[in-house]
Amino acid sequence: MPTAFVFTQYFYGLKIVSGRSMQPTLNPDSSLWRDVALFDRFSIYAKQKYKRGDIVALKSPTDPNRILVKRIIGLEGDIVKTLPPYPDPEVTVPQGHAWIEGDEPFHSNDSNQFGSVPLALIDSRLVLVVWPLNRFGHLLNKPMQPRNVESGNRSDYRLAMAELERERWRNSRVVTFHRKIDTERS
Amino acid sequence: MSRWIANALNALKDPNAVKFGLKRTGIRGFKLINMFCAIHLFTEYVGRPSTMAGPSMLPTLATYGEIVIEDRITYRLNPSSLSRGDLVTLKSPVNPSHIICKRVIGLPGDIVCVDPTGNKAPSSEHVVIPKGHIWISGDNAANSRDSRDYGPVPISLIQARLYARVWPLKDSTIFRNPTRIVE
């Protein structure tokens, strides 16, 4: 039994996602159930790999008992264009922090409310959606190119294009920080 | 020795014995892994000894060579027991892989003077600590990177409370909260 607990703490665990802040990626209005997703703790605790565009679960900075599921928009050094109600129009993410946002900007308690969050608050990374079954495996392969969708299915194409548009809009609001690679020296 | 080898070779001839031997090894291995996991869970959630390093908590903690006991369970069971003056270990807000040890100065809602000496901020600058955050400070203010540099930190970063120092033996003490409220 301790082995199973350690497994979910350090490797993978299933979590139920509730709330509207990640629509339409997670918990869309078309779904009757709250999404259940597989979260990966190993890449955060052991490998410490944080990537822009990853959906992550993190402890809320304003309420220590709450866990939020949001997307990493910017990492340290990036200049991010913020959304209301954040007071400044642009913000540089400080060292060791990240800018996180929910996909639904009007119903999201995210960095636009409380600013950059320390990377140490991030708990796990979403790997794939497990339930409901018609969206199983969603978000596993990214990014979804409209070319890959069969041309016969109109609504799938439109949904894929909409997702691509949202991703482009998110990326357009971030100026990424280019670090000098250490191998260039000496 | 040769008798042991002969016995082992005889045992190998019987297929059931090999299966039984493997099953026993498998179960023992699983029990060993289980024990490691249980010990690990204890050290993560209840308490554990750990070494301290760095000059930012002088004179409370020395620069190197000390071992203290961290108490991880008090803040989990009773989060409201966090009080001003507690020695806590927390994950660093500027580097997620570092663990730092500082003292809690302010709780959410408090108004804190950032730096009375005026070194890192004008001595009249005050900050209201937002909800869910605390203000931390090293005891050796001259040589400590703390909330005067990076502002209030979220309470969720706290890992443990320091309970006592156990090494060196002549300096072993239980850490008590030294706060005095001055009216």
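This is a predicted model: local features need pLDDT of at least 70, side-chain atom pairs count only at pLDDT 80 or more; totals for chains, interfaces and linings use all residues.
Local features require pLDDT of at least 70 and side-chain atom pairs pLDDT 80 or more, whereas totals for chains, interfaces and linings use all residues. Residues are numbered from 1 along each chain as its sequence is written, chains are lettered from A in the order in which they are written, and side-chain values use heavy atoms, with hydrogens and water left out.

**View 1. The interface of chain B and chain A.** The contact (heavy atoms within 4.5 Å) draws 22 residues from chain B and 21 residues from chain A. About 1,800 Å² is buried between the two chains, and carbon and sulfur atoms give 62% of this area; buried area is the accessible area, with a 1.4 Å probe, that two parts lose on being put together, summed over both. On the side of chain B, the most area is lost to chain A by L41(B), P96(B) and S156(B), which together account for 27% of what that side buries. Helix 2 (residues 15-45) of chain B supplies the largest share of that side, nine residues. Helices (H or I, at least four residues) and strands (E, at least two) are DSSP runs, numbered from the N terminus. By residue class, the side of chain B that touches chain A holds 12 nonpolar, seven polar and three charged residues. Here Ala, Val, Leu, Ile, Met, Phe, Trp, Tyr, Cys and Pro count as nonpolar, Asp, Glu, Lys and Arg as charged, and the others, Gly among them, as polar.

**View 2. Polar pairing across the interface.** Five residue pairs, both members at pLDDT 80 or more, are in polar contact between chain B and chain A. A polar contact is a pair of N or O atoms within 3.5 Å; within protein, one must be able to donate a hydrogen and the other to accept it, and residues adjacent in sequence count only if both atoms are side-chain atoms. Zero salt bridges are found across this interface, a salt bridge being a side-chain nitrogen of Lys or Arg within 4 Å of a carboxyl oxygen of Asp or Glu.

**View 3. The annotated active site of chain A.** An unreviewed UniProt entry places the feature "active site" at S21(A) and K70(A); UniProt positions are given in the numbering used here, feature names are shortened, and annotations may be inferred rather than shown by experiment. S21(A) lies in the loop between strand 1 (12-16) and strand 2 (36-40) of chain A, and K70(A) in strand 4 (residues 67-74) of chain A. Their side chains are joined by a polar contact of 2.8 Å. S21(A) is buried at a relative accessible area of 12%, and K70(A) is buried at 4%; buried means under 20% relative accessible area, exposed over 50%, and partly exposed in between (1.4 Å probe, protein chains only). Not counting residues up to four places away in sequence, the residues that S21(A) touches include G102(A), D103(A) and H107(A). With neighbours within four places left aside, the contacts of K70(A) include D54(A), I100(A) and N109(A).

View 4. R72(B) pairs with E44(B) in a salt bridge whose closest N and O atoms are 4.0 Å apart. This pair links distant parts of the chain, with R72(B) in the loop between strand 2 and helix 3 (73-77) of chain B and E44(B) in helix 2 of chain B, 28 residues apart. R72(B) also meets E70(B) in a salt bridge of 3.2 Å, N to O. R72(B) is buried at a relative accessible area of 4%, and E70(B) is buried at 5%.

**View 5. The salt bridge of D110(B) and R84(B).** The side chains of D110(B) and R84(B) form a salt bridge at 2.8 Å, N to O. D110(B) lies in the loop between strand 4 (99-106) and strand 5 (111-113) of chain B and R84(B) in the loop between helix 3 and strand 3 (87-91) of chain B, so the pair ties together parts 26 residues apart in sequence. D110(B) is buried at 17% relative accessibility, whereas R84(B) is partly exposed at 37%.

**View 6. The surroundings of S147(B).** S147(B) is located in helix 4 (residues 147-150) of chain B and is buried, with a relative accessible area of 1%. Its side chain reaches the backbone nitrogen of I136(B) at 3.0 Å. Beyond its neighbours within four places in sequence, S147(B) is in contact with I134(B), W135(B), I136(B), P152(B) and V153(B).
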